[in-house]
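Please look over the sequence and the structure shown here before turning to the report.

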Amino acid sequence: MAKILLAEDEDVIRMLVVDTLEDEGYVIDEATDGEEALTKILENEYDLILLDYMMPVLTGLDVIEKVRKLPEKADAKIMMLSAKSQTSDQQRVLNAGANYFMSKPFSPLELVERIEEILGGD
Amino acid sequence: MGISKFQRYFRKSLARQFAGLLFTFFIFSILGASILLSYQHKLTEEYGQKNIVLENKETIGQRLDQAYNKSFFDMRGYFAFDNPDLKENALNQLNIISNLTYELEKVMSTDEDIIFYNEVQDFTSYYYEQAIPQAVEYYESGNKEALIEFVRYGTTSRVNNFQEILQTYRLSKDQELEDNFEELAKRLTTSQLAFVFYIGMMLIMLLIISRRMVIQIGQPLQSLAIAAMDISEGKDFRKLEQSTRNDELGTLSRAFEKMFQSIQENEQDLTAQNEELIAQQDELNAQRLELEDALLLMGEREETLKRRNQLIRGLSTTLDKQKVLKSIVENMSMLIKADQGIIVLLDTNDYAGFAISSNGAEQFIQHLRNGHATRAVNDKKAFVVERETSISERGYHEHSSNCSDLYVPVVSYDDRVTAIMVYTRYGSGYLEKDIEEYEFLAKQISISLENIKLFDQTEENRLMTQDILNTIHEGVQFVNQEGMIIQINNKMCEMVNCDDDPQSFTQLSFNNWKTILKDVVEDSEGLLNFLNKGVNTESTMEVCSYIYHTKSPSKVIQVYCEPLFRNKQKLGTVFVYRDITSEFEVDQMKSEFVSTVSHELRTPLASVLGFTELLINKELKPERQQKYLSTIYHEAKRLTALINDFLDVQRMESGKQSYEKKYENLVPILESVIENQKVSTAMHSIQMIHNTNHTFVLGDKDKLSQLFGNLLNNAIKYSPNGGVIKFILHELENKFIIDLIDEGLGIPEDAIEKLFTKFYRVDNSDRRKIGGTGLGLSIVKEIVKAHEGEVSVSSTLGVGTTFTIAFPLVKNRNDDERNSIIDMDLQKHANVIIVEDDISLSTLLEAELKDNGFTVQSYKSGMKGVRAIKNSNPDAIVLDIMLEGKEMDGWDVLREIKQDDKTSHIPIFISSALEEKEKGLALGASGYLVKPYRPSKLTKTILQTILKRDKHGQILIPKSMKEEKKM
């Protein structure tokens, strides 16, 4: 089954996403800040990486920028979940190298659909 | 040639002469000594030879003697003893004698020797050829008688004679030997004497030569010295004799002479020059005198001209009215040769005087207005007034004298007298033609005064415009078509960080202005383009603006331009620079805040919506349903809290929050805050400690509760492992301080400054679990600010944090006076009795106490006072020691009150000029005030005592401490 990393500092949101995706049978790895996320990304191969924008230590944006600098992670699929929903924020994230963007608050069911779409397309 | 060369050789050097002399002396000494020695040697030699000859002769004589004697003896022996041997012996002697005779012949030299030789020859031949053969014949013939006869008469006498001759010869030779020796001794002596004499002569010679030498060296040196002395004393120089010499002295003398000659020549030169100079000087002097005469004449004319010039220059160089007036009056006075002068402007009464005191001038102006001014104004002509000198003018002169005042009106172009000049000369009067000239000068003065007036007006207008410009809070700059700055205001100057007057920027070229801007503006390219466009624009419609940032201080400036036209002709462009930094910052903060708020709100919303969606759309187990519902509930609550806090902050920051401020005792507020929060934690022990009685704050009770609630909530939240949390109340430097100390996680140093920023939360995994809106401390900050307080934080990571709130200290007096119900009651009812004989003082004290809400009665005598106290039982007594009436003084009153059980509790404050505090307190007074004191001090003292008494045991022990005690 597909392996997904979720980086999110808010416990409640993390619980929401983890519960939803685990119900669908995905294997979820959790990180609570940007640094932890980066470490896990470097150590593991994920089918998809879900990043929160506002995280302590390193923001989601920082993580993307660092990951995209590594050639071996050039193909990694990254989705940004952000409460910063303005078009400009979204554009910045995509420019930095995120593949997908979902704004908070998001629908858990829609999230599942998007993920199925992304991973099923493979 | 040889000799002269030799002489020259010696003449050249004294040393050579001296050495030669010594050498000669030495040679002569050696020569003398050797002659003496050789002569002596010769003498000795001669003496030796002669001696040998003489000794030889003597020896021969002696041996002859011996030989004859032997022969005689032998012959006699033969005759006597008839021994033929003897006869033989005697005959043998002849050989010896012959030998000797021969020898004698060889050595004989003198006549005596020759005689002696002849004698010997004779005798020998006689003796041996005659006597002996005869005698022997006689003897042998036995003719004794004949023999005897023969011997007796013939032979014996002859033998004896001969013996005598021999003897004599020997003696003579002895004598000769002796003579010879004596001769030698004599000659030796003589030669030695001669040598001694010779040496003596040599010494004398030496002496003579030495003396000559001394004379030769010493004298010239002396004469040289004398000559040098003479020269130094300035006497004439005599030629030195020795200068012809060839030796060192000669050289010295010649050098000396040369030196002197050159000195003399120089001196002569100098003398000659000097004489020439003197001659020239004389000539110059003569010329100078001529010139001086001419100059004096010139000078007088020039002085007049100069004054005129100065007058004109003074008129034209400055537009400062006072300076011009001063210059006019001074130069005119000089020109006129006046002793005093004054110029007065009739319009403004401005004046300037020459040799006149300001007092005198003002008096004179007064006088002028009443008198001669009218004539001058009407006639518009100069005139002279003769008068007697006043006493002050006369000075030290005793007699009165006359002086002439010259009045010169200054007539303007519109034939109006604008000013009057008055000049005073003591003694002499004025010439008509001079007066005409002065009138002419007055015309020029008039023009200049007119100019000044015009300038003043223009300047006034200009300053007004500049002042108006300077009041504008925006930078205003007017440039001409080339961009050169025509006018600029203070604010503009400030905007480019100038230290100077804005005037220094006028006439500044556009390029220079751009250079100034480049230094202060961030990314100046755009601004400069804009300014270029502004300078060159021709259209009024083209209102343009541009926003730029400055470097330091960092500011945001908006500039707009407006071309300026007059009669459709462009004059230039006005640029207006607006400092929009604060608007810009507010704008930025606003958008940032909105972004943050939206993020903060979206997070709980996301979970509420998300979980709700799951609940709606999924079949979930009851536990999960329960978990989700409770999460939704908490997140919704968090959302509410967030919105509330957010609205609070908004309200407070925008100043829309209203505070209902009263004097509140903070202690009960804190107690209730502690009570509320205690419920949420079992791990923490919360305490309150006061170290002050001034616990009142002018504030809003609800907001104060919120403030300390937030702080206490944080303290609890951020000390997840429990521990003690303390409120410490104390006073410091007129501040009421509340410290809140926890034993929690502490705050990293770099986070402290951001702590009060909205939505700021310390990033740390330990803290992530701890919820919060990030607005609590922002609210705290706002509330504290609204209460004129200060908040600060100190913290050590892992040890704990202390929040310190400082409020302005509120003295209880004010509490009582206005708000606190208990204290208001207390004070309203506080009844004070004053016992004081000084009415003015008691009135003063009464007024002060009444102003502070006390009820007051005052009494002048002790008796009346005591009676009133016993009747009304007041809350406090103010007591003087010296009282009216002899029967009872202050001490008596004090004792009386303290003795009575009903009144002994009433505090008594002694108010006295006597310094007997000890005695007063010993007798039971509560306070002792030494006159004079400020009345407010009395109020304060009374209040403190009353409050202390009333509150004792009630407020000072906080509940938390009571609880602690119980535990």
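## Basis of the description

This is a predicted model, in which local features need pLDDT of at least 70 and side-chain atom pairs count only at pLDDT 80 or more, whereas totals for chains, interfaces and linings use all residues. Residues are numbered from 1 along each chain as its sequence is written, and chains are lettered from A and ligands numbered from 1 in the order in which they are written.

Helices (H or I, at least four residues) and strands (E, at least two) are DSSP runs numbered from the N terminus, and two strands pair if DSSP finds at least two bridges between them. Strand β1 of chain B, residues 340–345, is largely enclosed by the rest of the structure, because five of its six residues are buried (20 or more other C-beta atoms within 10 Å of the residue's own, with C-beta atoms placed from the backbone).

β1(B) pairs in the antiparallel sense with β5(B), residues 417–426, over six bridges, and here B:Q340 stands opposite B:T424. β1(B) also pairs in the antiparallel sense with β2(B), residues 351–354, over four bridges, where B:I342 has B:G353 as its bridge partner. β1(B) and β2(B) form a hairpin with five residues between them, and B:N349 in the turn has a positive phi of about 70°.

## Strand β11 between two antiparallel partners

Strand β11(B), residues 569–579, runs antiparallel to β6(B), residues 475–480, and six bridges join the two; in this pairing B:G475 stands opposite B:Y577. Strand β10(B), residues 556–566, is likewise antiparallel to β11(B), joined to it by 10 bridges, with B:Y560 opposite B:V576. The hairpin of β10(B) and β11(B) has two residues between the strands, and B:N567 takes a positive phi near 55°.

## A parallel sheet and the helix across it

Five strands of chain B form an open sheet with parallel pairing, in the order β20-β19-β21-β22-β23. β20 (855–859) and β23 (927–930) of chain B stand at the edges with a single partner strand each, so one side of each is left without a neighbour in the sheet. Neighbouring strands are turned by 15° against each other on average, direction ignored.

Within this sheet, β19(B), residues 831–835, and β20(B) pair over five bridges in the parallel sense, and B:I834 stands opposite B:S858. Helix α24(B), residues 839–851, lies across β19, β20 and β21 (876–879) of chain B, and runs at about 170° to β20(B); axes are lines fitted to C-alpha atoms, for helices over the stretch in contact, and angles run from 0 to 180 degrees between N-to-C directions.

## Packing of α16 and α21

The axes of α16(B), residues 622–653, and α21(B), residues 776–786, come within 10 Å and cross at roughly 30°. The two helices α16(B) and α21(B) are therefore roughly parallel (an angle under 35 degrees). Residues in contact (C-beta atoms, placed from the backbone, within 7 Å) include B:D645 and B:M652 of α16(B) and B:I779 and B:E782 of α21(B). The residues of this contact divide into four nonpolar, two polar and four charged, where Ala, Val, Leu, Ile, Met, Phe, Trp, Tyr, Cys and Pro count as nonpolar, Asp, Glu, Lys and Arg as charged, and the others, Gly among them, as polar.

## Contact between the chains

In chain B, 19 residues are in contact with 18 residues of chain A. On the side of chain B that touches chain A, α15 (581–617), α16 and α20 (765–768) each supply at least two residues, and the largest share, 14 residues, comes from α15(B). The residues of that side divide into five nonpolar, nine polar and five charged.

Methods: Parallel < 35°, antiparallel > 145°, perpendicular 65-115°, else oblique. Contact = placed C-beta atoms within 7 Å. Buried ≥ 20, exposed ≤ 12 C-beta atoms within 10 Å, placed from the backbone.
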